[in-house]
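Please examine the sequence and the predicted model shown below.

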Amino acid sequence: MRQLVMDLAPDLSEIRRVSAELGPFMDDLALSEERRFALELVLDELLTNTITYGFRDQCGAGITVSVSSDGDRLRVQIVNDAIPFDPLTAPPPDLDSELDDRRVGGLGIYFVRRFVDAMRYRHEAGRNIIELDMKTSAADDEDHDEET
């Protein structure tokens, strides 16, 4: 099993570091461009939301991101002590109304859900724990199941 673990400060500039450290890890796994894009988008979205909204009114120890691969599966875990937020409870975005009539926000979590095969959340010992499962190949990407 290959694993990458990163401890991050709750600062948006850390997202660049995640991308820089993730690159060689994805190279070692020989991930396709589609999988690379999906993994980076998912991490960027979840980390941006966590840092922007979760640490807004508080200081925290930070965020730990781990990405591991067992060959055909990627497992991502994001642990933080930000304000509790379960992304599985986010309402689906309105994709049918005119752009001017739509509520702002919600598309990021929608895309995360579309790119992962399973997503779990729990709040334990004062920490948010988000776990994601993804295939290392883009085959059968139409099948996704969200778990609570």
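In helix α2, the buried residues are R35, R36, A38, L39, V42, L43, E45, L46, L47, T50, I51 and G54. This helix comprises residues 33-54, 22 residues in total. From its first C-alpha to its last it reaches 30 Å, which is close to the 32 Å expected at 1.5 Å a residue. In an α-helix there are 3.6 residues a turn, so residues three or four places apart point the same way.

The nonpolar residues may be considered next. In soluble globular proteins, nonpolar side chains tend to be buried together. The largest nonpolar core of this model has 35 residues, and those with the most contacts inside it are L39, L43, L46, L47, V65, V67 and I78. At least two residues of this core are supplied by each of β1 (2-8), α1 (14-29), α2, β2 (63-69), β3 (73-80), α3 (107-115), β4 (118-124) and β5 (127-135). Helix α2 provides the largest share, 7 residues.

What does I78 contact, once its neighbours within four places in sequence are left aside? I78 is in contact with L43, L46 and L47, with I63, T64 and V65, and with N128, I129 and I130.

Finally, R36 deserves attention, as a residue of helix α2. R36 counts as buried because its relative accessible area is 16%, and the cut-off for buried is under 20%. When residues up to four places away in sequence are not counted, R36 touches G23, M26, D27 and L31. With D27, the side chain of R36 also forms a polar contact of 2.7 Å to the side chain of that residue.

Technical notes: Residues are numbered from 1 along each chain as its sequence is written. This is a predicted model: local features need pLDDT of at least 70, side-chain atom pairs count only at pLDDT 80 or more; totals for chains, interfaces and linings use all residues. Side-chain values use heavy atoms; hydrogens and water are left out. Helices (H or I, at least four residues) and strands (E, at least two) are DSSP runs, numbered from the N terminus. The expected span of a helix is 1.5 Å times one less than its number of residues. Buried means under 20% relative accessible area, exposed over 50%, partly exposed in between (1.4 Å probe, protein chains only). A nonpolar core is a set of buried Ala, Val, Leu, Ile, Met, Phe, Trp, Tyr and Cys residues joined through side-chain atoms within 4.5 Å. Contact means heavy atoms within 4.5 Å. A polar contact is a pair of N or O atoms within 3.5 Å; within protein, one must be able to donate a hydrogen and the other to accept it, and residues adjacent in sequence count only if both atoms are side-chain atoms.
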